[in-house]
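This report describes the fold and packing of a single chain.

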Amino acid sequence: MSKELEHSFVTHLQENQKIAHKVCRIYTDDADAHNDLFQEITIQLWKAYPKFRGESKFSTWMYRVALNTAITLYRKSKKRIKTEEFNMVEYRLTVDTYDDGVEQQLKLLYAAVKQLNDIEKALVFLYLEDKNYKEIAYALGITEVNARVKMNRVKMKLKKILNP
């Protein structure tokens with residue numbers, strides 16, 4: 001990979017790393033699992049970056065890779081997560097520390113979201129990130145109409161969880 005491509009990747013990742021942290025927050029329960037998933041998402045983004053064609057925004061593409069990585073790893077939770085060493089010689093990433101205290105008021109919502117299945121979690125996550133249905137559909141690999149239908153069903157399901 002060329003130095004320009006490496007620099008571009010690092011710049012994109014630093015500007016959008018909160019996306020990966022948010023995905024990790026939805027799919028993990030503790031700091032170690034969060035860090036492991038963040039590392040694996042970063043590795044998968046790095047591997048896939050040469051194929052990123054810019055047909056969508058980097059952030060939208062990153063959502064797709066991050067969610068697919070999280071869903072794949074946690075569906076296979078009985079298997080051990082295999083990670084690869086990620087070492088950038090010339091460019092070092094500065095990783096923002098994830099402050100769990102900032103989102104304490106969202107604890108109930110996150111607890112309810114954790115009761116959803118993997119696809120429903122991804123749908124809610126993208127919806128809360130103010131993604132439109134076209135972007136949600138692209139990130140999840142479904143049609144826009146299907147994304148709308150699923151979102152309406154998830155909203156009803158969350159209402160039942162939060163207001164039994």
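Asp-130 is exposed, with a relative accessible area of 69%; exposed means over 50% relative accessible area, buried under 20%, and partly exposed in between, with a 1.4 Å probe and protein chains only. Asp-130 sits in the loop between α5 and α6. Its phi is near 60°, a positive value in a residue other than glycine. Most residues other than glycine have a negative phi.

The model is predicted: local features need pLDDT of at least 70, side-chain atom pairs count only at pLDDT 80 or more, and totals for chains, interfaces and linings use all residues. Residues are numbered from 1 along each chain as its sequence is written, and side-chain values use heavy atoms, with hydrogens and water left out.

**Overall fold**

The chain has seven helices and zero strands. Helices (H or I, at least four residues) and strands (E, at least two) are DSSP runs, numbered from the N terminus. Along the sequence the pattern is α-α-α-α-α-α-α. Of the 164 residues, 40% count as buried. Among contacts between residues at least 6 apart in sequence, 73% join residues at least 24 apart, where contact means heavy atoms within 4.5 Å.

**Helix α5**

Helix α5 precedes Asp-130, the residue with positive phi. At the start of α5, a side-chain oxygen of Asn-117 reaches to within 3.1 Å of the backbone nitrogen of Ile-119. Helix α5 is mostly covered, with eight of its 11 residues buried. These buried residues are Asp-118, Glu-120, Lys-121, Ala-122, Leu-123, Val-124, Phe-125 and Leu-126, and they pack against α1, α3, α4, α6 and α7.

Phe-125 is found in this helix. Leaving aside neighbours within four places in sequence, Phe-125 is in contact with Ile-19, Lys-22, Val-23, Ile-26, Tyr-63 and Leu-67. The C-alpha atoms of Phe-125 and Ile-26 are separated by 7.9 Å, although the two residues are 99 apart along the chain.

**α5 against α7**

How do α5 and α7 cross, and at roughly what angle? The axes of α5 (residues 118–128) and α7 (residues 144–162) come within 10 Å and cross at roughly 95°. Axes are lines fitted to C-alpha atoms, for helices over the stretch in contact, and angles run from 0 to 180 degrees between N-to-C directions. The two helices are therefore roughly perpendicular to each other, a class that covers 65 to 115 degrees; angles under 35 degrees count as roughly parallel, over 145 as roughly antiparallel and the rest as oblique.

From α5, Glu-120, Leu-123, Val-124 and Tyr-127 meet Ala-147, Lys-150, Met-151, Val-154, Lys-155, Lys-157 and Leu-158 of α7. By class, this contact has seven nonpolar, no polar and four charged residues.

**Nonpolar core**

A nonpolar core is a set of buried Ala, Val, Leu, Ile, Met, Phe, Trp, Tyr and Cys residues joined through side-chain atoms within 4.5 Å. The largest one has 43 residues, of which Val-23, Tyr-27, Ile-41, Leu-45, Leu-67 and Leu-126 touch the most other members. Two or more residues each come from α1 (3–27), α2 (31–48), α3 (58–75), α4 (107–114), α5, α6 (133–140) and α7. Helix α3 gives the largest share, 10 residues. Not counting residues up to four places away in sequence, Ile-41 touches Ala-20, Val-23, Cys-24, Ala-66 and Thr-69.

| Residue | Relative accessible area |
|---|---|
| Leu-13 | 2% |
| Phe-125 | 4% |
| Ser-59 | 14% |

Leu-13 has its place in helix α1, and Ser-59 lies in helix α3. Apart from neighbours within four places in sequence, Ser-59 is in contact with Asn-16, Ile-19 and Lys-131.

Definitions and conventions: Ala, Val, Leu, Ile, Met, Phe, Trp, Tyr, Cys and Pro count as nonpolar, Asp, Glu, Lys and Arg as charged, and the others, Gly among them, as polar. A polar contact is a pair of N or O atoms within 3.5 Å; within protein, one must be able to donate a hydrogen and the other to accept it, and residues adjacent in sequence count only if both atoms are side-chain atoms.
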